[in-house]
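Subject: Structure for your review

Dear colleague,

Please find the structure below, handed over for your use. My notes on it follow directly after.

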Amino acid sequence: MANRVVQPRQFSNVSHETEQKGQLRVVLIVPVAREGGQLYGRIRRFRDELASSLKPFDIHIDVVLVTDVFHRPTLEAMMALAKEGVARAIFLTRRVGKGGSVKNAAIYTCGDYLVLLDADTPVPPRVVANAILLASRKGLDLLIATRIHRTHSTLRKTLSTAYNLLASALFKTGVRDHQAGFKILSKKAAKIVLVGRVRTDGLAYDTEVIVWAKKHGLKLGTIEVAWIEQREKSTISTARAVLTMLAAIAALRLLTLASKHAALRRVPVGTAIDLGQL
């Protein structure tokens, strides 16, 4: 088992290496739940198209899939992608939620930029490539997606609008969309915010990333995207999602009002297993 356990990497080690090679290194982190066998083709196509779009700009892309769910068809797809060198696949042996999975996956990666994207890849590869170029050229620490078109029900759109208005009022972020599962973080933002600050393991972690980036004075930017979900239906009930988000946003508000920001430590996740070594 020892050689299958993922070893942490340091963000600080990457800069000198990429400067020597003159190549920008980008890591795409995809949190995975119960995607099933279709994950294989979807991620393979997405990686190939994204790499092709970035190749003329001498940008190298690595893909990291992370899950805390034991779902055999999904794990088999992840293992196949890992063994073929398409992606690195990490299985966390303790349930920590979407936000917790992303936060802990970042510990085991290194890159000049981290791209966070939902597993159903609701944004086309060419749009992700353009966003990476935008973040790099403008020197942004956090690039946030603003969804201008969403394939959601009227109820979900209404609830989302209400949530974003509340988040804007409480945290003064200047951002219209606090919930999109597509963001790009610089090495600096990943270390300070994603690894060092974020404590929400659930649905509100997207909001928390933005709030802490703003609090730390990092350089933020936004990009408008058409959001096309591939999933037929959310696995989380509307009532549960609303209550969970309201509780998380209330807790985040109390935390940001504290005179000193609490020093946050990474929550233990048991063992992080490299599925490509199984």
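**Strand β3 and its partners**

V64 has R88, in β3, as its bridge partner. The model is predicted: local features need pLDDT of at least 70, side-chain atom pairs count only at pLDDT 80 or more, and totals for chains, interfaces and linings use all residues. Residues are numbered from 1 along each chain as its sequence is written, and side-chain values use heavy atoms, with hydrogens and water left out.

Strands β2 and β3 pair in the parallel sense over 4 bridges; two strands are said to pair if DSSP finds at least two bridges between them. Helices (H or I, at least four residues) and strands (E, at least two) are DSSP runs, numbered from the N terminus. Strand β3 is also joined to β8 (residues 272-274) by 3 bridges, and these two run antiparallel. Within β8, D274 stands opposite I90.

**Nonpolar cores**

A nonpolar core is a set of buried Ala, Val, Leu, Ile, Met, Phe, Trp, Tyr and Cys residues joined through side-chain atoms within 4.5 Å. The largest such core has 45 residues, of which L28, L50, L65, I132, F182 and I184 touch the most other members. Helix α5 gives the most to this core, with 7 residues. Apart from it lies another core of 40 residues, including V64, I90, V102 and I249.

Leaving aside neighbours within four places in sequence, L50 is in contact (heavy atoms within 4.5 Å) with L28, I61, P125, V128, A129 and I132.

**Two residues with positive phi**

Most residues other than glycine have a negative phi. D58, although not a glycine, has a positive phi of about 55°. D58 lies in the loop between α2 (38-54) and β2 (59-67), and D58 is partly exposed, at a relative accessible area of 37%.

T121 is not a glycine either, and has a positive phi of about 45°. T121 is found in the loop between β4 (113-117) and α5 (125-138). With 13% relative accessibility, T121 counts as buried.

Yours sincerely

Key: Buried means under 20% relative accessible area, exposed over 50%, partly exposed in between (1.4 Å probe, protein chains only).
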